[in-house]
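Please study the structure before reading each solution.

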Amino acid sequence: MFDPQFLFALLENLAKLIALSAVSQVINVLHEKNPFYGALIRGLVFGLVGVLIMHFPYTLTSGITFDSRSILLSLTALFYSFPVTLIVTSVLLVYRILMGGSGMIMGIMVILTSSALGLLWKTQPRINVKKGTWIEYYTLGLAVHLMMCIYMVLLPKEVAFSTLINVGIPVLITYPLVTIIVGKLLSFQIIQNEQQDEI
């Protein structure tokens, strides 16, 4: 059964990700004028939004939190350049380490894996056979959050199993769907920009 607080936290995170897609459109203008500064600013802005997302998570117990940073990281890696992905990943890694707690190791692994899978989906055509479709975003979201569930074994033994039961299934159902929504928003912007460039 879904915890109402889990759904509320997820909706809050989704609102931030949708707002980020709007901010991204503004950054696209800067990127056209100066790709270096555009990538730097995009990385820092995405990183700060990631910190904001992590600051308002669903807290299961002290030090064990869940938020949508995994969605942000995987889609950043899928759509944007490696320097942007590196900046965002670094910012969120530093923040998660500063947060500490019993879920820190799991949190670090989720951050690294989310970025890595996003890059894998972008660069390996054999894996990503449905590029640009909702299936692409769903399979990416499912892969990222399956790994998140696997990493729950890194939590202290006394909470690992209960966390998997209470959070694992809701995460696997809702997070890939949110990945589709945000992925479609970002891809729509990119397609629009490419069409404008062609014109």
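**Exercise 1.** How much space lies in the second largest cavity? Determine also which residues and elements line the second largest cavity.

*Solution.* The model examined here is a predicted one.

Step 1. The second largest cavity holds about 60 Å³ of space.

Step 2. Its lining consists of L17, L20, S21, F46, I71, L72, L75, T76, V182 and L186. The elements that contribute two or more residues to this lining are α1 (4–33), α3 and α7 (157–198).

Step 3. The greatest contribution comes from α3, which gives four residues.

Step 4. Sorted by class, the lining has eight nonpolar residues, two polar residues and no charged ones.

**Exercise 2.** State how many cavities of 30 Å³ or more are counted, and describe the largest cavity.

*Solution.* Step 1. The count comes to two cavities of 30 Å³ or more.

Step 1. In the largest cavity lies about 120 Å³ of space. It is lined by 14 residues, of which T65, F66, R69, M106 and G107 are the closest to its centre.

Step 2. Two or more lining residues are supplied by each of β2 (64–66), α3 (69–79) and α5 (104–123).

Step 3. The classes represented in the lining of the largest cavity are six nonpolar, five polar and three charged residues.

**Exercise 3.** Describe the second largest pocket by its volume and its lining.

*Solution.* Step 1. The volume of the second largest pocket is about 170 Å³. Among its 10 lining residues, F79, K131, G132, Y137 and S187 are the closest to the centre.

Step 1. The elements giving two or more residues to this lining are α3, α6 (134–150) and α7. Of these, α7 provides the largest share, with four residues.

Step 2. The lining of the second largest pocket comprises five nonpolar, two polar and three charged residues.

**Exercise 4.** Characterise the packing of helices α2 and α4.

*Solution.* Step 1. Two packed helices are described by the angle between their axes and the distance between the axes. For α2 (residues 35–55) and α4 (residues 82–99), the angle is about 30° and the axes lie 8 Å apart.

Step 1. Angles under 35 degrees count as roughly parallel. Therefore α2 and α4 are roughly parallel to each other.

Step 2. The crossing of α2 and α4 is right-handed. The contact involves residues of α2 including A39, L40 and F46, and residues of α4 including V84, I87 and Y95.

Step 3. By class, the residues of this contact are 13 nonpolar, four polar and two charged.

How values were computed
Residues are numbered from 1 along each chain as its sequence is written. This is a predicted model: local features need pLDDT of at least 70, side-chain atom pairs count only at pLDDT 80 or more; totals for chains, interfaces and linings use all residues. Side-chain values use heavy atoms; hydrogens and water are left out. Axes are lines fitted to C-alpha atoms, for helices over the stretch in contact, and angles run from 0 to 180 degrees between N-to-C directions. Angles under 35 degrees count as roughly parallel, over 145 as roughly antiparallel, 65 to 115 as roughly perpendicular and the rest as oblique. A crossing is left-handed if the near helix is turned anticlockwise from the far one by less than a right angle, and right-handed if clockwise. Contact means heavy atoms within 4.5 Å. Ala, Val, Leu, Ile, Met, Phe, Trp, Tyr, Cys and Pro count as nonpolar, Asp, Glu, Lys and Arg as charged, and the others, Gly among them, as polar. On a 1 Å grid over the protein atoms alone, a cavity is a set of points where a 1.4 Å probe fits but cannot get out, and a pocket is an open set with protein on both sides within 12 Å along at least five of seven lines; lining residues have an atom within 4 Å of a point. Grid points are joined across faces, edges and corners, and a volume is the space filled by probe spheres set on the points.
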